Amino acid sequence: MSLLSSLWSPWRARAGGLAVLAVLAWLLPYQLNVYWISVADTAILYALLAVGMGLVMGVAGQVNLAQVAFFGVGAYATAILTTHNGYGFWTAAVLAMVAAVVAGVVVGIPSLRVQSHYLGIVTLGLAVAFTDWITNAPITGGDSGISGIPAPPLLGINLTSQYLYYYLELIVLAAGLAFGLFVVHTPLGRRMRAMRDDPLAASAAGAEIRRLRLIAFVLASLYGGAAGVLYAGQISYIAPESFSIADMFFLLAMVIIGGRRSLAGCVIGAVGLTIAQQELINLSAYAQLGYGLVVVAVVVFAPAGLVGIPRRAAAWYRRRRRITGRAAALEPFQPLPPAPGGAGAGGTLLEVSHLVRRFRGVVALDDVSLAVRDGEILGIVGPNGSGKTTLFNVISGLYRPTAGTVSLRGRAISGAPAHRVSQLGIARTFQHLRLFSNLTVSDNLLVSMDRTRTWWNWRYLCWAPGVWRHDRALRRRAAGLLASFGLAQLAGALPGALPYGIQRRIELARAMASSPRLLLLDEPAAGLNGEERAQLAAMVRSIRDSGVTVVLIEHNMGLVMSLCERIIVLDSGRVIAEGAPAQVARDPAVLEAYLGKSALGESALPAPQASDMTAPQTVLRAPEATEASS
Amino acid sequence: MQSFFQTLISGLSFGAVYALIALGFSLVYRTMGLVNFAHGAVLMIGAYVASTFYLSARLPFAVAVPAAMVVTGAVGLVIERILRPLENKDFDLMLIGTIGAGTVLQAVAIVIWSSAGRGVSSPVRTAPFDVGGVRVQGYSVVVVVVTAVAMAVLALFMQRTKQGAAMQAVAMDHEAATAVGIHVGRSNAIAFAIGAALAALAGALVAPLLYVTPTMGDSLGIQGFAAAILGGFGSIPGAIVGGLGIGVIGAFAAQSFQGYSDLVTFVVFTVLVMIRPTGIFGERTVNRA
């Protein structure tokens with residue numbers, strides 16, 4: 001019994017399942033005739049293509065309808081270099097991979113400008129352009145294609161045998177799948193998944209979106225190119241009809257039906273649809289009808305693909321039986337270790353001078369100058385539309401200033417992209433939560449905790465153990481941070497399933513994961529209840545005591561008055577007051593901005609109201625009610 | 001100069017067809033948020049229905065085409081009902097879901113009309129006439145005129161009728177439209193049916209220029225989609241300009257580069273989209289933090 005339970009850990013179950021699959025895949029050729037072994041070879045190639053698609057579409061969220069062109073580039077480059085230029089197979093294979101990667105970069109470049117359906121039609125158009133080229137160019141043999149491609153020589157093994165070729169392809173697929181899974185579960189893949197869920201928040205967390213998109217396309221082209229090389233070596237004859245748009249859509253169906261966000265799902269989809277196609281090949285029109293209906297049904301009823309079905313079934317079963325697991329709970333916040341030398345030296349950390357930001361005719365920031373002192377908690381208040389969030393967006397690099405500068409410790413950062421600003425030590429949260437919805441709480445923190453630059457990722461190609469060690473170190477630190485913020489039990493949960501107050505805390509923890517020097521909080525108390533607000537105040541104080549300077553935008557005046565040491569008031573894009581909370585609350589310009597001129601005129605009304613005016617909390621709460629409802 | 005105008009004329013007649021296809025894409029996308037990759041297949045169904053009325057039932061072309069539009073519009077209502085769960089969803093799912101629906105339509109076409117194609121003779125048998133040294137086919141003029149009339153009717157419908165206004169309201173904000181009492185489901189169904197009828201018109205008009213086969217919609221659909229993006233996805237004037245643009249680019253590419261016309265067209269298209277991602281009359285999307 002104890003042996004059984006010790007064997008039945010998820011990790012061991014998975015490893016055991018993989019071992020069984022590997023043995024089955026190894027023994028498979030002994031069961032197949034010549035026809036079916038070539039089907040198996042085709043299925044493996046489709047699986048390789050599908051894993052590439054899964055990485056670019058499912059993981060990185062980039063629509064790629066040119067995978068079949070990468071496949072074609074790999075195959076045609078191998079064919080041309082071996083038959084036309086007389087290179088050996090493996091030399092040609094390496095050059096073909098280079099050609100495929102170049103194609104990947106070319107197809108990926110539009111992703112820097114356009115996304116979603118725009119990217120879909122552009123990549124599809126480039127795939128059409130490729131098929132047009134191979135059907136017309138003399139060097140590709142036009143419609144009749146290229147024949148006489150040699151089989152790859154390998155240690156004297158006769159790879160003209162479809163049976164032995166199967167093993168070569170199987171090994172490449174296993175390696176490709178392992179590499180893909182490694183990418184997905186380590187920093188590069190995590191950043192790509194974050195980018196898929198919310199590119200803006202990902203860049204604010206330090207991810208370089210444009211380069212990541214290109215990397216995603218290059219990864220897809222590596223898989224496409226490898227499949228193309230293997231295909232050319234397998235069948236020794238290639239023609240344009242193997243690289244058609246219909247094949248592209250068939251491949252897409254495999255990925256979606258299997259489950260685009262899971263590489264295993266992509267493989268399942270590829271193998272399943274290849275077999276189904278062979279089984280139904282003689283039924284033509286009716287098979288096509290059934291295939292189309294299945295595609296529509298899967299998309300409508302199982303959007304996560306076949307791999308998503310077991311989880312949905314389990315969830316349904318638990319609901320049916322009213323099984324409620326032990327609910328994971330939020331734990332109390334553990335104060336962060338205080339900074340050794342006290343909270344900051346009091347010098348200027350961030351300086352904003354004469355900042356202007358216009359949106360067409362609208363002036364959102366009009367000559368704003370302010371300084372943030374090291375180690376303080378600074379509040380920024382002002383009526384709605386006064387430019388507070390725009391100020392944060394300019395500081396954090398999401399908007400470029402129209403004029404003026406922002407500098408961090410004397411170093412100009414205005415105009416720097418968001419990921420660069422994040423790397424320089426400014427973290428932020430968003431007014432409307434922007435968590436990575438399909439990443440676990442722990443992964444949300446890990447994305448922001450990873451401080452490496454994009455070029456660091458060369459290690460994926462040359463030095464995988466280094467990547468692995470880096471990831472382990474990140475995970476250890478993330479565990480500590482999760483514990484500090486009381487999120488340890490929720491580490492594996494998806495944020496969308498958690499209550500709003502907890503999501504706010506996760507976003508705060510994610511911002512802190514980047515070890516910032518300056519933390520920008522955009523309405524951190526919005527939507528929180530009284531108890532959560534008190535917790536937030538304690539957290540912000542602890543964060544400041546740990547050596548991080550905090551600037552917060554907040555409408556809840558009670559919180560601002562009690563938490564901030566200094567307040568800056570914005571109105572219509574200008575700084576209208578600055579000073580200690582009590583002093584600002586009495587400033588006539590502030591009262592006018594919040595209550596309007598007529599309200600000031602009425603301040604000559606009976607005494608009780610006039611004395612209310614001196615109590616800052618009461619006065620400034622009045623507009624809060626109206627703003628909360630807007 | 002003469003050959004320039006000759007190429008331009010041939011580009012414009014295909015461009016008119018692309019504009020009709022782009023218009024269907026844009027209308028459905030604007031009102032329902034559905035990027036419909038089955039649009040090419042709907043066009044193919046329309047072409048088959050029209051050719052059946054015209055060739056087998058021996059109806060006059062001017063009767064066969066509107067009849068095909070009505071029938072295909074009705075087919076559109078059925079497709080819309082099936083695809084409704086995909087509206088306003090993740091693009092990947094819409095993409096493959098609508099491609100799947102297109103596959104079903106192709107299979108249905110093969111079952112009904114067999115996979116062998118059919119040629120449709122031109123309904124205009126007059127000799128090509130000569131305008132300043134440029135030979136113009138009578139049928140090209142018919143295509144351009146019919147397209148222009150269809151677009152004018154659609155624009156009037158959208159601007160002058162209550163249903164048209166309701167569809168525009170749904171396009172802007174479907175939740176707000178529901179709140180003011182517009183039946184969003186019905187409005188979407190009508191939009192899809194109109195899109196399908198436009199596809200049928202495009203298919204019927206292009207049938208005498210090409211060959212009617214179950215896969216004829218594949219390439220036309222891609223060209224039409226590119227036209228919609230080039231003009232500005234979701235915009236009616238954009239669909240017209242984009243359609244004519246793709247048609248003219250394709251005609252000049254075919255003249256100068258023969259077989260490589262698709263290659264040239266789509267490379268030019270990619271460059272144009274890179275330069276102006278929102279198209280000529282594009283939708284503006286603002287990403288706010």
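Among contacts in chain A between residues at least 6 apart in sequence, 77% join residues at least 24 apart, two residues being in contact if their C-beta atoms, placed from the backbone, lie within 7 Å. The structure is a predicted model, in which local features need pLDDT of at least 70 and side-chain atom pairs count only at pLDDT 80 or more, whereas totals for chains, interfaces and linings use all residues. Residues are numbered from 1 along each chain as its sequence is written, and chains are lettered from A and ligands numbered from 1 in the order in which they are written.

The secondary structure of chain A comprises 26 helices and 12 strands, taken as DSSP runs numbered from the N terminus (helices H or I, at least four residues; strands E, at least two). Of the 630 residues in chain A, 47% are buried, that is, have 20 or more other C-beta atoms within 10 Å of their own, with C-beta atoms placed from the backbone.

An open sheet of chain A is formed by six strands in the order S8-S9-S10-S5-S11-S12, with mixed pairing; two strands pair if DSSP finds at least two bridges between them. Strands S8 (426-428) and S12 (574-579) of chain A stand at the edges with a single partner strand each, so one side of each is left without a neighbour in the sheet. Within the sheet, S9 (residues 518-522) and S10 (residues 549-553) of chain A pair in the parallel sense over five bridges, and A:Leu519 has A:Val550 in S10(A) as its bridge partner. Helix H15 (residues 388-395) of chain A packs on the sheet, where it touches S5 (377-381), S8, S9, S10 and S11 (566-571) of chain A, and its direction makes about 145 degrees with that of S9(A); angles run from 0 to 180 degrees between N-to-C directions, and axes are lines fitted to C-alpha atoms, for helices over the stretch in contact.

Helices H4 (residues 67-84) and H6 (residues 116-136) of chain A pack at an angle of about 30 degrees, with their axes 9 Å apart. H4(A) and H6(A) are therefore roughly parallel to each other, a term that covers angles under 35 degrees. In this contact, A:Val68, A:Ala69, A:Gly72 and A:Tyr76 in H4(A) meet A:Leu126, A:Ala127, A:Phe130 and A:Ile134 in H6(A).

The contact between the chains takes 41 residues from chain A and 38 residues from chain B. On the side of chain B that touches chain A, the largest share, 16 residues, comes from H4(B).

Note on methods:
Buried ≥ 20, exposed ≤ 12 C-beta atoms within 10 Å, placed from the backbone. Parallel < 35°, antiparallel > 145°, perpendicular 65-115°, else oblique.
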